[in-house]
Amino acid sequence: MDSASASASSSEAEEEPGRAPPPRMTTVSRHYFGGASAESDHDLRVDVVENIEEDYGMFVWPCSVILAEYVWQQRPRFSRSRVVELGAGTSLPGLVAAKVGADVTLTDIAHNAEVLDNIRQICSLNNANCTVLGLTWGDWDEPVFDLHPDIILGADVLYDSAKFDDLFATVTFLLENSPGAVFITTYHNRSGHHLIEFLMVKWGLKCLKLLDGFSFLPSCKAESLQGNIQLVEITLEKEKPK
């Protein structure tokens with residue numbers, strides 16, 4: 001994943017006044033599900049436009065691959081469900097959910113127009129009918145009040161400790177706004193399960209399921225990924241009385 005040369009060539013290019021910045025260096029990656037999860041044997045293919053300079057929100061990270069595979073393997077559960085993906089970035093898990101029959105809303109930081117436009121492009125590329133929405137964690141703009149998901153997805157959203165409370169405030173609000181809903185997230189387990197446990201207790205949440213992310217991943221995908229990645233399903237400790 002060495003992008004030093006690509007990044008350097010782009011960053012060193014001088015921009016003349018009045019001229020648009022140089023175009024991003026992008027590529028299209030293909031992701032296979034079902035069968036042998038290979039080009040020659042698969043049930044679903046999702047194409048993703050990635051920024052090869054590794055802009056965080058425009059790159060398919062290992063947590064996204066694992067969460068997308070989990071959605072595929074749990075596809076009967078996702079079919080006809082309302083799904084919201086937080087911090088969607090390249091949106092691989094949400095796209096798989098859409099392809100198996102979910103009603104999907106893909107969200108990312110409201111002011112990051114480039115990432116949101118890239119999500120729309122990826123949806124078009126895959127003929128996926130998803131709603132794309134700017135949603136910044138911890139901001140209470142009108143669109144968030146209209147979301148009533150059955151399932152909330154988040155791949156590698158626990159990457160910036162300064163954003164943890166904003167993230168969990170948003171997750172908790174969506175869970176309270178949608179009785180019976182669940183938050184499914186994959187994350188790099190850098191400090192044991194203690195961090196996620198602390199956040200769940202703080203926000204009145206509980207763990208329904210905790211899995212090693214590689215425990216259900218096909219070997220052909222696992223061999224190209226690294227890290228101690230876990231998947232957790234979270235819901236409210238107590239449902240609010242109606």
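1. The buried residues of helix α5 pack against β2 (44-51), α4, β4 and β5. Here contact means heavy atoms within 4.5 Å, and buried means under 20% relative accessible area, with exposed over 50% and partly exposed in between (1.4 Å probe, protein chains only). Helices (H or I, at least four residues) and strands (E, at least two) are DSSP runs, numbered from the N terminus.

2. On the source: this is a predicted model, in which local features need pLDDT of at least 70 and side-chain atom pairs count only at pLDDT 80 or more, while totals for chains, interfaces and linings use all residues. Residues are numbered from 1 along each chain as its sequence is written, and side-chain values use heavy atoms, with hydrogens and water left out.

3. Overall figures. The protein has 8 helices and 9 strands. Of its 242 residues, 49% count as buried. Among contacts with a separation of 6 or more, 68% are made by residues 24 or more positions apart. The accessible surface is about 12000 Å², and carbon and sulfur atoms hold 48% of that area. Accessible areas come from the Shrake-Rupley method with a 1.4 Å probe; for residues, only the protein chains shown count as cover.

4. Helix α5 itself. The buried positions of α5 are Val-115, Leu-116, Asn-118, Ile-119, Ile-122 and Cys-123. These residues lie on the same side of α5 because they cover an arc of only 160° around the axis, where the arc is that of the directions from the helix axis to the C-beta atoms. An α-helix has 3.6 residues a turn, so residues three or four places apart point the same way.

5. The end of α5. Leu-125 lies in this helix and counts as partly exposed, at 40% relative accessibility. Leaving aside residues up to four places away in sequence, Leu-125 touches Val-28, Asp-47 and Val-49. Asp-47 is 78 residues from Leu-125 along the chain, yet their C-alpha atoms are separated by 7.0 Å. Asn-127 follows α5 and has a positive phi, near 50°.

6. The sheet. It is open, with 7 strands in the order β5-β4-β3-β6-β7-β9-β8 and mixed pairing. Two strands pair if DSSP finds at least two bridges between them. At the edges are β5 (131-134) and β8 (205-212), each of which pairs on one side only. From one strand to the next, the twist averages 20°. Axes are lines fitted to C-alpha atoms, for helices over the stretch in contact, and angles run from 0 to 180 degrees between N-to-C directions.

7. Strands β3 and β4. These strands, residues 82-85 and 103-108, are parallel and joined over 4 bridges; Val-83 has Val-104 of β4 as its bridge partner. Helix α4 (residues 92-99) packs on the sheet, touches β3, β4 and β6, and makes about 165° with the direction of β4. Thr-105, a residue of β4, is buried with a relative accessible area of 11%. Apart from residues up to four places away in sequence, Thr-105 touches Val-83, Val-84, Glu-85, Thr-131, Leu-133 and Leu-147.

8. Strand β6. It is mostly covered, with 5 of its 5 residues buried. Ile-151, Leu-153 and Ala-155 point one way, Ile-152 and Gly-154 the other, and all are buried. In a regular strand the side chains alternate between the two faces of the sheet. Strand β6 runs parallel to β3, with 3 bridges, and Val-84 is partnered by Ile-152 of β6. It also runs parallel to β7, with 5 bridges; there Ile-152 stands opposite Phe-183.

9. Remaining elements. Helix α2 (residues 62-73) lies across β6 (151-155), β7 (182-188), β8 and β9 (229-236), and runs at about 140° to β7. Ser-161 sits in the loop between β6 and α6 (164-176) and counts as exposed, at 58% relative accessibility. The C-alpha atoms of Ser-161 and Leu-195 are separated by 10.0 Å, with the two residues 34 apart along the chain.
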